[in-house]
Amino acid sequence: MSSERLIGGLRSALSFIDSRYRLRFSRRDQLEAWQAKQLKHFLQRILPKSQRFKDLKVIDLTELPLMDKATLMDDFAGFNTRGLSLEQVLPVARRAEDSRDFSPTLGDITIGLSSGTSGNQGVFLVSALERQRWAGILLARTLPRHLLPRLLCPWRAPLRIAFFLRANSRLYTTLASRRIDFAFHDLTLGLDVSFERLNTQSPDVLVAPATVLQGLAEAALAGRLTIRPTHILSVAEVLECADADAVLAAFGVAPQQIYQASEGFLGYTCEKGTLHLNESHLHIEPDWLDAEHIRFQPIITDFSRRTQMIVRYRLNDILRVANTHCACGRVERAIAAVEGRADDVLWLPDLEGSQLLALYPDVLRRTFLMHGATLQEYEIHQQGLHWQINLQAADDYANLCVALSASIHALCAQQGLQPPALSFGHWEAPPLHAKRRRLKLLQLPEDWPCTY
Ligand SMILES: [Zn+2]
């Protein structure tokens with residue numbers, strides 16, 4: 001083993017131990033004191049190394065302006081401490097996407113592209129050091145106790161992880177080591193080609209988007225997969241109850257969630273099954289969407305980063321809080337659900353016609369879920385005051401359209417909204433590597449102010 005690899009492995013191991021055993025806060029004031037200390041160092045020592053924040057003397061985080069993906073992409077070189085421009089990094093990222101070989105780096109920097117429609121794609125930089133720390137933190141936060149010996153005891157077989165995503169990255173392969181047998185499955189190749197490799201590897205841990213987990217569960221129930229993973233993690237998509245039920249039925253294990261985005265490792269499910277925000281590594285301000293403080297968009301500051309500056313960065317996601325203390329004892333904020341993205345929210349005028357009100361993804365999902373197994377798949381696209389609903393019905397399609405139309409009218413009446421004009425069509429399966437998005441706001445109704 002080269003000394004560089006050894007040091008990398010040690011770094012991962014140290015951050016694993018640090019995250020798992022030291023950064024476990026059972027008092028909110030202790031967590032906040034830890035964050036304040038990290039933030040102070042970050043604002044004084046790290047942030048000024050980037051061009052954008054060079055001359056700023058910042059004492060308090062809230063003095064800094066908000067940023068988002070567009071701000072970052074507009075001044076890419078300004079927001080990283082290496083002064084790397086888009087012109088320097090994009091060719092490396094594009095070559096990796098085209099060749100499906102995700103190993104090339106620019107020096108020690110890994111370049112990742114976030115999913116997003118073209119023109120809205122984000123580019124993210126991670127150094128070797130940050131990669132090694134990330135690997136340690138991720139394992140510390142997601143690995144259940146029964147699998148720890150596989151990671152730590154040299155006489156046991158290495159931990160086997162199967163990982164499905166649309167693109168691999170050096171970030172993920174950093175997990176591969178003598179103690180971890182890591183297999184990446186490229187979703188752009190389809191699911192069927194993975195079955196043989198999966199059966200041969202027989203993974204302990206299965207990581208995949210929710211829709212892929214459901215596909216694997218079906219294959220297992222049909223006898224095409226013989227794997228018995230003991231830990232299953234859902235990533236990259238909203239995990240719906242139907243997905244979780246299918247996984248439980250097929251593998252006897254309830255899936256947990258990792259809330260990971262290009263912007264950072266944002267959340268994890270604890271051993272009690274609660275999704276917690278990763279607040280011991282990130283500062284997360286809630287940008288409340290409602291007066292009741294139920295839903296918010298997170299504004300994140302990653303004080304652990306040293307390369308790309310993610311500072312008061314507003315994510316496009318909508319999170320719904322869980323207002324109970326988790327039995328695991330952690331005080332990191334508990335999340336009832338990652339509901340979707342801000343443009344998954346649909347808007348309709350109120351009964352007076354004076355303003356638009358939000359219909360949140362979770363509310364609509366629940367309405368659709370009431371139709372049970374008859375409704376196999378659906379998507380809603382809003383264009384002004386018109387909703388195009390595409391469906392796949394188990395049996396009577398025409399009856400289902402009538403029933404759904406009635407539920408949407410009932411929901412609107414209950415929420416004090418004018419119902420949209422509805423058209424129904426047939427649902428078509430998107431490619432496997434496309435993210436599932438059931439709700440899409442294509443265009444807001446015109447001439448109305450919005451109120452969350
Ligand atoms: Zn918990």
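Me: Which helix is Thr142 found in?

Reply: Thr142 is found in helix H5, which covers residues 128-142; helices here are DSSP runs (H or I, at least four residues) and strands are runs of E with at least two, numbered from the N terminus. Keep in mind that this is a predicted model, in which local features need pLDDT of at least 70 and side-chain atom pairs count only at pLDDT 80 or more, while totals for chains, interfaces and linings use all residues. Residues are numbered from 1 along each chain as its sequence is written, and side-chain values use heavy atoms, with hydrogens and water left out.

Me: ok, and is Thr142 buried or exposed?

Reply: Thr142 is buried, because its relative accessible area is 9%, and buried means under 20%, exposed over 50% and partly exposed in between, using a 1.4 Å probe and protein chains only.

Me: What does Thr142 touch, leaving out residues up to four places away in sequence?

Reply: Thr142 touches His231, Leu233, Ile258, Phe265 and Tyr268, where contact means heavy atoms within 4.5 Å.

Me: Switching topic, which residues are the protein donors of the zinc ion?

Reply: They are Cys270 (SG), His276 (NE2), Cys326 (SG) and Cys328 (SG), lying 2.1 to 2.3 Å from the zinc ion; donors are N, O and S atoms within 2.8 Å of the metal (3.2 Å for Na, K and Ca), and water is not among the atoms, so sites may look incomplete.

Me: Why is that arrangement tetrahedral?

Reply: The four donor atoms subtend angles of 106 to 114° around the zinc ion, which makes the arrangement tetrahedral, as four donors count that way if all angles lie between 85 and 135 degrees.

Me: Are Cys270 and His276 buried or exposed?

Reply: Both Cys270 and His276 are buried, and Cys328 counts as buried too, because its relative accessibility is 10%.

Me: How many disulfides does the structure hold?

Reply: The structure holds zero disulfides, a disulfide being a pair of cysteine sulfur atoms within 2.5 Å.

Me: Last one, where is Asp344?

Reply: Asp344 is in the loop between strand E14 (334-341) and strand E15 (346-349), and the side chain of Asp344 makes a polar contact with the side chain of Arg437 at 2.8 Å. A polar contact is a pair of N or O atoms within 3.5 Å; within protein, one must be able to donate a hydrogen and the other to accept it, and residues adjacent in sequence count only if both atoms are side-chain atoms.

Note on methods. Tetrahedral: all angles 85-135°; square planar, octahedral: opposite > 155°, others 65-115°.
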